[in-house]
Number of protein chains: 2
Amino acid sequence: MSVRTVAQKFVELCRQGKNFDVMHTMYDPHIVSVEGEGKETHGQGPVIKKSEDWVSDKAFNGETVAGPFFNGANPDQFVVYFTLDVTPKATGKRITLEEVAVYTVNKADKITREQFFYDGEH
Amino acid sequence: MSVRTVAQKFVELCRQGKNFDVMHTMYDPHIVSVEGEGKETHGQGPVIKKSEDWVSDKAFNGETVAGPFFNGANPDQFVVYFTLDVTPKATGKRITLEEVAVYTVNKADKITREQFFYDGEH
């Protein structure tokens, strides 16, 4: 597959709410995940665990996915803009989070890096 | 100013439709602009000329600006998601273009690089 094909598959699965299927089937075993504050998590298992922990204290009401977007100078990357509609259990107040994510794809069509850009608290 | 302050000023001016004011006042003289296909344009004058050319054959109906977004591993950058509502004069058909842009800011608070990620034709 090309990076574009990987990216299209990625956004289609996310639009079906299959974010964890993406992580289990499209992430490289040695993926590095970089959160908004710059903290890195290494490895597919720990990265999936991080997402499981993130959703565990909130209700997930849905998401929108814009993209994928590409730039010819970075041919191994694609970019996605997400809005996440969640209700933190601690507050019960429904909020919308926004983020841009940059994904890097290797020659084996696996995602080796994800880097999230946030607008503040997340 | 911090990169966050520069970024907030940037999006506020864009939301007021003052995109060319941004280019004239916030861009470094030696800015590099990287279009979606990877083509680079060097220098504030040529970069502004490129945008003038881009708008010259279309009516610009408005834009939305999401962000700015940040990542602690790239402290000199901010990211914006744009939707551009335009009507190309050649077709007369109103369309919405989407793009993600990554901006790099130097110590003098000037934007030294902009890189656009597109979803296809632009």
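**Reading the definitions**

Analyst: The cover over the buried residues of H3(B) includes helix H2 (19-26), strand S1 (27-34), strand S2 (40-42) and strand S6 (111-118) of chain B. This is a predicted model, in which local features need pLDDT of at least 70 and side-chain atom pairs count only at pLDDT 80 or more, while totals for chains, interfaces and linings use all residues. Residues are numbered from 1 along each chain as its sequence is written, and side-chain values use heavy atoms, with hydrogens and water left out.

User: Which residues of H3(B) are buried, and what puts them on the same side of H3(B)?

Analyst: They are Gln44(B), Val47(B), Ile48(B), Lys50(B) and Ser51(B). Their arc around the axis is only 150°, so they lie on the same side of H3(B). The arc is that of the directions from the helix axis to the C-beta atoms.

User: Why is Thr87(A) called buried?

Analyst: Buried means under 20% relative accessible area, exposed over 50%, and partly exposed in between (1.4 Å probe, protein chains only). Thr87(A) has a relative accessible area of 16%, and is therefore buried.

User: What makes the pairing of the side chains of Thr87(A) and Asn61(A) a polar contact?

Analyst: A polar contact is a pair of N or O atoms within 3.5 Å; within protein, one must be able to donate a hydrogen and the other to accept it, and residues adjacent in sequence count only if both atoms are side-chain atoms. The side chains of Thr87(A) and Asn61(A) make such a contact at 3.0 Å. Thr87(A) lies in strand S4 (residues 77-88) of chain A; strands (E, at least two residues) and helices (H or I, at least four) are DSSP runs, numbered from the N terminus.

Conventions:
Chains lettered and ligands numbered in written order. Contact = heavy atoms within 4.5 Å.
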